[in-house]
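Thanks for coming, everyone. Please bring up the model on your screens, and we will walk through it together.

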Amino acid sequence: MRSGQDLELVHLTKRYGDTLAVRDVSHVFHKGSYVCLLGPSGCGKSTTLRMIAGHEAVSDGAILLDGQDISALPPAQRGTAMMFQNYALFPHLNVRDNVAFSLRMKGVDKPTRHKAADEMLALVDMTQFADRLPDQLSGGQQQRVALARALVTKPKVLLLDEPLSALDPFLRIRMRAELKRLQRELGITFIHVTHGQDEALALADEIVVMNNAVIEQAGPARDVWTAPRTEFVARFMGGHNVISLDGQKVALRADDVRLGQTGLPATVTAVEYQGAHVALTSTTQSGEEVLALVPETTFFATPKNPGDAIALTWDEGRLHRLLA
Ligand code: ADP
């Protein structure tokens, strides 16, 4: 549902000389939702985020927050805050002063800004590190400080540019759960840029898939994954095959493909054990590649090897037509 408190992009465009980084994008980000902007490198995600933050001027269009056009306001007056990929902490300031920095710039007195900083540090579970310098912290701890620093201004919208990419895989999964918890607790809008499908699926209430400077599809995470509209989205989200049947492109989930006695003839090209599933890649006679995710117990009942002839089957109802 739309409300005056949403963040709205209206025909937003960004040109760099001849490059169209963002082309006529319109979208409503609902208040209090966790939204992931997802897409391959260079599709315009960061540019969109930077325009919302006010770090990049808009070429055309408008950005509305609470019904007010914020596109010409300086970053600090927009009601948004940005957390950068490299955290951009000041190395010579301790954790508390890093978090309090923007309040100092606004002329807030020291006791008040330190109190506000300490509240934010408590929120991200970093109270005990308040007096340390950034280089005395682990990557995950630095990230918490960067979060606290962005949140201290009480933004309506928090913008996160690839916030987890500097972390190792284990920490990344822990920190994404933290981000989600924090967003739920605060109830503010999070817009999180990522090129990772798993990350977007794990976090997002809404996924906005971008490609070539435009929004290709937007919707609840589960809708985008189970009902990709285009070949690009089906391939990019993963877990789907795109095959041509009677001239029509259809998506077929890899976990809906079965090996039968009869069906579409194919030859196994690769077998990869993935724990719960075995990923079996094959090529059909027309040269299309089809991935089947076979439950491991089913697979090992009649194991296959590269070079084996197989027959692929699925339930007709599981085919999903794609737009051109
Ligand atoms: P993403 O975040 O999806 O990787 P970006 O928004 O960074 O993509 O970039 C979108 C397009 O705009 C790319 O083609 C990129 O090369 C171009 N671009 C981004 N920033 C600039 C800039 N400062 N000057 C010129 N071109 C830029």
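Predicted model: local features only at pLDDT ≥ 70, side-chain atom pairs only at ≥ 80, totals over all residues.

The buried ones are Lys45, Thr47, Thr48, Leu49, Met51, Ile52 and Ala53.

Now the ligand. Which element gives the most residues to the shell around the ligand? Helix 1 does, with four. The whole shell reads Tyr16, Thr19, Ala21, Pro40, Ser41, Gly42, Cys43, Gly44, Lys45, Ser46, Thr47 and Arg50.

Look at the polar atoms next. A polar backbone atom of Gly42 sits 2.6 Å from an oxygen atom of the ligand. For Gly44, a backbone N or O atom is 3.0 Å from a ligand oxygen. Ser46 uses its side chain instead: a polar atom there lies 2.8 Å from an oxygen of the ligand. How much of the ligand does the protein cover? On its own, the ligand has 550 Å² of accessible area, and the protein covers 60% of that. Two elements give two or more residues each to the shell: strand 2, residues 19–29, and helix 1, residues 45–53.

Next, Glu162. Find it in the loop between strand 7, residues 157–161, and helix 5, residues 169–186. Is Glu162 buried or exposed? It is buried, because its relative accessible area is 11%, and the cut-off for buried is under 20%. Yet Glu162 has no salt bridge. The nearest side chain of opposite charge belongs to Lys45, 4.8 Å away. A salt bridge would need that nitrogen within 4 Å of a carboxyl oxygen. Remember Lys45: that residue is also in the ligand shell.

What does the Glu162 side chain pair with? It makes a polar contact of 2.9 Å with the side chain of His195. Leaving aside neighbours within four places in sequence, Glu162 is in contact with Lys45, Gln85, Val193, Thr194 and His195.

One more point on backbone angles. Most residues other than glycine have a negative phi. Glu162 is not a glycine, but its phi is positive, about 45°. Asp246 is not a glycine either, and its phi is positive too, about 50°. Asp246 is in the loop between strand 11, residues 240–245, and strand 12, residues 248–253. Buried or exposed, this one? Asp246 is exposed, because its relative accessible area is 83% and the cut-off for exposed is over 50%.

Last stop, Ile63. This residue is in strand 4, residues 60–65. Ile63 counts as buried because its relative accessibility is 0%. What surrounds it in the fold? Beyond neighbours within four places in sequence, its contacts include Leu7, Leu9, Leu12, Val58, Ile70 and Arg78. Met51 and Ile52 are also among the contacts of Ile63, and both are buried residues of helix 1. His11 is 52 residues away from Ile63 along the chain, but their C-alpha atoms are separated by 8.9 Å.

Over to you for discussion.

Technical notes. Residues numbered from 1 in each chain as written. Heavy atoms only, no water. Buried < 20%, exposed > 50% of the residue type's maximum accessible area, 1.4 Å probe, protein only. Lys, Arg positive; Asp, Glu negative; His and termini not counted. Polar contact = N/O pair within 3.5 Å; in protein donor to acceptor, adjacent residues only side chain to side chain. Contact = heavy atoms within 4.5 Å. Near = heavy atom within 4 Å. Areas by Shrake-Rupley, 256 points an atom, 1.4 Å probe, with all protein chains shown as cover.
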